[in-house]
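Q: I am new to this structure and would like to learn how to read its features one at a time. Could we go through them together, with the general idea given before each case?

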Amino acid sequence: MGEGSVSEALIRPEATKPTPGARLRVWLADEVKAQVLRWRLWAPVAFGGGAACYFALRTEPSLWPLAFGAAAAVAAWLAARRRGLRRRLTWPLMILACLTSGLAAAKIRTERVAAPIAPALPEGVVIEAWVVDVDSPGENGARIVAAPVWIRGLSPEETPVRLRVTVRGEPPRPGEAIRLFAILNPPPAPASPGAYDFGRNAFFEGLGGVAFALGETRRIDLPPAPWRLRLAMAVNGARYALAERIVARLGRRTGGIAAAMTTSHEAWISQADMDVMRESGLAHILSVSGLHMAIVGGFVFFAVRLGVAAWPWLALRVPGKKVAAAAGLTAVGVYLVISGAPPPAERAAITASIAFAAILLDRQAVTMHGLAVAAFAVLAIQPEAIVTPGFQMSFAATAALVALVEIWPKRTREISAPWPIVAVQRFGGWLTAAVAASVVAGLATGPFAMQHFNRTAMYGLLANLATAPVADFVLMPALALGAALEPVGLGGPFLAVAGWGVDLTLAIGGWTAGLPGAVRTVASAPDPVLPVAFLGVLFVCLWQGRLRWLGLPLAAAVLVCPRAPTPDVWIGDGGTNAAFRRQKEAIVVRPGVREFAADLWSRRRGLTLADRPEAGWACDRASCRPELTGAGPVALWWGRRTPDMEQMDALCLAAPVVSVRAVVHALPPSCDGRLVLDGADFARGGAVELWRSGAGGWRAVWTADVRGDRPWARRPNPAVSDSGA
């Protein structure tokens, strides 16, 4: 070898050593290559994003532009695939096709469910209706869902399909025909700008109004209802009868929890127990959702599979796993009917059904692709689910758990190990997996809990870990068996075991809720932050490789994003109550009046609700105003009649902000420089938040402006009487 060759051999390795930039490009290329089978997982994300864009609009779009855009985008994507173009071109086209399809699907769904919305009538009306179901009780009493047949003053075309009615005394049973005298209103608007919109959820659930009974509910005779309605009432009547039997077996407190977990009826749960479950982080147990479907379906699946395996003759002749999957699928369907098919249960049933269908088709049951199919199916049927906390939290938690399963190390099977060692190892493995699953699910759902509910159960992980063995292995299986056998009178022993599980769950919840600092109130972040956090959670779950951790800062956006300045004053819809900020407290002008709305507003803004002090305020039957300087910035008139000039003068002299429920036609000179809001303002805008601005002015944000002009937000202005008490 010559001298040149030796020199070339010594120099070549140094010359061919990759640079840091080249290594980074290779690493990024490897990361991208690892996603070969993962790109399609972003299709339901884009579809849901399109639906979310539809619900974020302030004005209602036309259907045909959305449908044409979706058709064009889908055609472009299919044409690109047909021509065999590279993924770098087809994937963006797929995302665009799914995004536009989500927009169009949400609009089509809105058109399909559109139904009359009740007007706000100034006086009580007579309502004749069928009782469809018994709803969860409110702060003013028991509630029912009714199908009105006739409402005095409304034509058949103006009559809502369903009403939610607050009744006096015990609620009538499903299937009964009733007549009542009630105040009728459209579904309420959000308690404050950007808050939970009950009216939108009611629109998609077919509820066209809310009514408050002013007298006793009377049973009457009505012509036979349509067969679909009769079927729904028969099913709900059977559900309610089952709930009553469970309560009769276990008592009102224990049985109320068990009935809610079985039939979704929460009529027997006290407010104290509900608060305990919320503050301990166990409230999700009460709502029939993914946890319940997974436990019931899984219990039936493993029980049937064990039974087939234990019968050798049958095990040699039928595929035990598929038989068990079919049984689990049947159990999920039955449980869906028994639960009343609320939207969370429907979504959970679709997800569980796809998992069992995968087993029947010889596919892996728990995969990210199966979850993507379930998400696509749910959003195609219910595009409005994308803006509900239940969908966001359940699919974020499920995606996180499936991602955990994907990276979880495979357990090495022991060979001839003594059974005590095997038992300890398996218990340790189960405990580690349970802790990891609880932590991962809690982290995935944390941003949504903070944004929507503004409460963080500081010991929720501890409570859920303590109750998981009870709920998974005792409570839900025993409750499922008891509910199945109770109609024939054989459910007693199983319901007794379930009652023991409920009592233990309540005890654990009460202990954790009583710990110091058990609940922390967190103000909501600006609205655009939650989609950023959702995308961050999904990126961590869907991306394979180390690059997934870039999603963590996005996932934590709700926690770290600065909050907007807190409003100084809040005035509720209609001007019947108000609150103002004092340091970290929200002082309510009328304690006990529509306090639910005031509580929602205060938690959304990270404030603690407090009652107005008696001293320093002058209040009567129709008004309340501060007497001392600094007592408060708002004077409130909630009487239905318009205050006279002398009364308006007293209100304006007392506070810089004056809220009057009635319409005011003239103002005294003392109101110059004051912000006076009257019934016409509230009829147009709903609730309002006020911030102090420079030179003694005020900046206002109204609920109607944030809500926009949408089908569920279009309501006639409530009639405001100029006279009367």
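Q: Which residues does Ser670 touch, leaving out those up to four places away in sequence?
A: This is a predicted model, and in it Ser670 touches Asp649, Cys652 and Leu653 once residues up to four places away in sequence are set aside. Ser670 itself is found in the loop between strand S16 (657–660) and strand S17 (675–677).

Q: Is Ser670 buried or exposed?
A: The cut-off for a buried residue is a relative accessible area under 20%, and Ser670, at 17% relative accessibility, therefore counts as buried.

Q: Where does Ser280 lie, and what does Ser280 touch?
A: Ser280 lies in the loop between helix H9 (271–279) and helix H10 (290–310), and Ser280 is buried, with a relative accessible area of 1%. Beyond residues up to four places away in sequence, Ser280 touches Ala457, Tyr459, Gly460, Ala463, Gly509, Thr512 and Ala513. A polar atom of the Ser280 side chain also lies 2.8 Å from the backbone oxygen of Val276.

Q: How should I read a strand that pairs with others, and which strands pair with S1?
A: Strands of a sheet pair through backbone hydrogen bonds, either parallel or antiparallel. In this model S1 and strand S4 (residues 177–185) pair in the antiparallel sense over six bridges, with Glu128 standing opposite Arg179 in S4. Nine bridges join S1 to strand S2 (residues 141–151), and these two strands run antiparallel; here Ala129 stands opposite Pro148 in S2. S1 and S2 form a hairpin, with two residues between them.

Q: Why is strand S1 described as largely enclosed by the rest of the structure?
A: The reason is that 11 of the 14 residues of strand S1 (residues 125–138) are buried.

Q: What is the order of the strands in the open sheet of six strands?
A: The order is S12-S11-S10-S9-S18-S19, and the pairing is mixed. Strand S12 (608–611) and strand S19 (698–702) are the edge strands, each of which pairs on one side only. On average, neighbouring strands of this sheet are turned by 25° against each other, direction ignored. Helix H22 (residues 595–604) packs on the sheet, where H22 touches S9, S10, strand S11 (585–588), S12 and strand S18 (688–692), and the direction of H22 makes about 140° with that of S12. Within the sheet, strand S9 (residues 569–571) and strand S10 (residues 578–582) pair in the antiparallel sense over three bridges, and the bridge partner of Trp570 in S10 is Ala579.

Q: How many residues of helix H19 are buried?
A: Helix H19 (residues 529–542) is mostly covered, with 10 of its 14 residues buried, among them Val529, Phe534, Cys541 and Leu542. What covers the buried residues of H19 includes helix H3 (42–56), helix H14 (368–381) and helix H16 (419–453). From its first C-alpha to its last, H19 reaches 20 Å, close to the 20 Å expected at 1.5 Å a residue.

Q: How many residues does the largest nonpolar core have?
A: In soluble globular proteins, nonpolar side chains tend to be buried together. The largest nonpolar core here has 53 residues, and those with the most contacts inside it include Phe55, Met368, Cys541 and Trp712. The largest share of this core, eight residues, comes from H19. Apart from that core lies another, of 39 residues, among them Leu250, Ile359, Ala483 and Ala498.

Q: Is Arg347 buried or exposed?
A: Arg347, whose place is in helix H13 (residues 343–360), counts as buried at 5% relative accessibility. Not counting residues up to four places away in sequence, Arg347 touches Val378, Gln382, Ala385, Thr388, Gly390 and Phe391.

Q: What can phi show, and what is its value in Ala341?
A: Most residues other than glycine have a negative phi, and most peptide bonds are trans. Phi of Ala341 is near 55°, a positive value in a residue other than glycine; Ala341 lies in the loop between helix H12 (320–338) and H13, and at 27% relative accessibility Ala341 counts as partly exposed. Phi of Asp362 is near 60°, likewise a positive value, and Asp362 is found in the loop between H13 and H14. Asp362 is exposed, with a relative accessible area of 60%.

Definitions and conventions:
Residues numbered from 1 in each chain as written. Predicted model: local features only at pLDDT ≥ 70, side-chain atom pairs only at ≥ 80, totals over all residues. Heavy atoms only, no water. Helix = DSSP H or I, 4+ residues; strand = E, 2+ residues; numbered from the N terminus. Expected span 1.5 Å × (residues − 1). Buried < 20%, exposed > 50% of the residue type's maximum accessible area, 1.4 Å probe, protein only. Contact = heavy atoms within 4.5 Å. Polar contact = N/O pair within 3.5 Å; in protein donor to acceptor, adjacent residues only side chain to side chain. Pairing = 2+ DSSP bridges. Axes fitted to C-alpha atoms, helices over the stretch in contact; angles between N-to-C directions. Core = buried A, V, L, I, M, F, W, Y, C linked by side-chain atoms within 4.5 Å.
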